[in-house]
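Biologist: I would like to learn how to read a few features of a model. Could you walk me through them?

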Amino acid sequence: MAVIAEDGTGLAGANSYVTVEDADDYFDARNNTTWSAYSDAVKEAALLYSCQWLDARYSWPGTISVDTQALSWPRDGVTDSEGRIIDLDVVPAALKDAQCEAAAAHALEALNEVLARGGAISAVTVDVLSVTFSASASPGRSFPYIDALVARIASPFTSGVLTTFR
């Protein structure tokens, strides 16, 4: 499936916030050579999945701009964590950056990791090595950098990041 990037108009067929070219530019600027080694097909699949993952993972403020738009952005009535108004025809740079980071994470290891028994491991021992997780540890993977990027515009459902909007 081809990547159709949201352009701020509320496209009915959009399935990503960034194009492969946008992600390539993002990672080139950060000297990330791992991303550039992936085929376009892997990049496209990672972008499509990461977009869906972001929209499911985070609670976005405001309301959608167009009733027929496919994605959660653009949105109306949103300010960033510094109190600046985000125009209703804009997909914030923080969201685009977060999608790039999520796509790279997904290309390395699926974001939709399935955990046996919810990942609630109390102890693992292999020969002389052992791992014990805290009772309060999250059963899944955490994404603190992605959460920090998104915290500029929203609050995640599943992490400890809390953002106050004015």
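Biologist: Let's start with the surface. Which helix gives the most to the negative patch?

Modeller: Helix H1, residues 20–29, gives the most, with four residues. Helices here are DSSP runs of H or I with at least four residues, strands are runs of E with at least two, and both are numbered from the N terminus. Before we go on, note that this is a predicted model: local features need pLDDT of at least 70, side-chain atom pairs count only at pLDDT 80 or more, and totals for chains, interfaces and linings use all residues. Residues are numbered from 1 along each chain as its sequence is written, and side-chain values use heavy atoms, with hydrogens and water left out.

Biologist: Which residues form that negative patch?

Modeller: Patch residues have over 30% relative accessible area and no salt bridge, with like charges joined within 9 Å. Asp and Glu count as negative, and the charge is placed at CG of Asp or CD of Glu. In this case the patch is formed by Glu21, Asp22, Asp25, Asp28 and Asp40.

Biologist: How is Asp22 classed by its accessible area?

Modeller: Buried means under 20% relative accessible area, exposed over 50%, and partly exposed in between (1.4 Å probe, protein chains only). Asp22, which lies in helix H1, has 36%, so Asp22 is partly exposed.

Biologist: And what does the whole protein look like in these terms?

Modeller: Of its 166 residues, 39% are buried. The protein exposes about 9400 Å² (Shrake-Rupley method), and carbon and sulfur atoms supply 54% of that area. There are five helices and eight strands, following the pattern α-α-α-β-β-β-β-β-α-β-β-α-β along the sequence.

Biologist: How many salt bridges are there?

Modeller: Side chains of opposite charge can pair when their charged atoms come close. The cut-off used is a side-chain nitrogen of Lys or Arg within 4 Å of a carboxyl oxygen of Asp or Glu. A search of the whole structure finds three.

Biologist: What does the salt bridge between Lys43 and Asp24 tie together?

Modeller: The closest N and O atoms of Lys43 and Asp24 are 2.8 Å apart. Lys43 lies in helix H3 (residues 40–57) and Asp24 in helix H1, so the pair ties together parts that are 19 residues apart in sequence. Both residues are buried.

Biologist: Which residue forms a salt bridge with Arg57?

Modeller: That is Asp147, with the closest N and O atoms 3.2 Å apart. This pair links distant parts of the chain, with Arg57 in helix H3 and Asp147 in helix H5 (residues 144–150), 90 residues apart. Arg57 is buried at 12% relative accessible area, and Asp147 is buried at 4%.

Biologist: For Arg84 and Asp80, is each residue buried or exposed?

Modeller: These two form a salt bridge with the closest N and O atoms 2.7 Å apart. Arg84 is exposed at 53%, whereas Asp80 is buried at 11%.

Biologist: Let's finish with contacts. What does Ser72 touch?

Modeller: Contact means heavy atoms within 4.5 Å. Leaving aside neighbours within four places in sequence, Ser72 is in contact with Tyr17, Asp55, Trp60 and Ile64. Ser72 sits in the loop between strand E2 (63–64) and strand E3 (75–76), and is buried at 16%.

Biologist: Where does Ser130 lie?

Modeller: Ser130 lies in strand E7, residues 129–131, and counts as exposed at 52%. Ser130 touches Val124 and Thr125, not counting residues up to four places away in sequence.

Note on methods:
Patches are made of residues with over 30% relative accessible area and no salt bridge: like charges are joined within 9 Å, nonpolar side chains (Val, Leu, Ile, Met, Phe, Trp, Tyr) within 5 Å. Accessible areas come from the Shrake-Rupley method with a 1.4 Å probe; for residues, only the protein chains shown count as cover.
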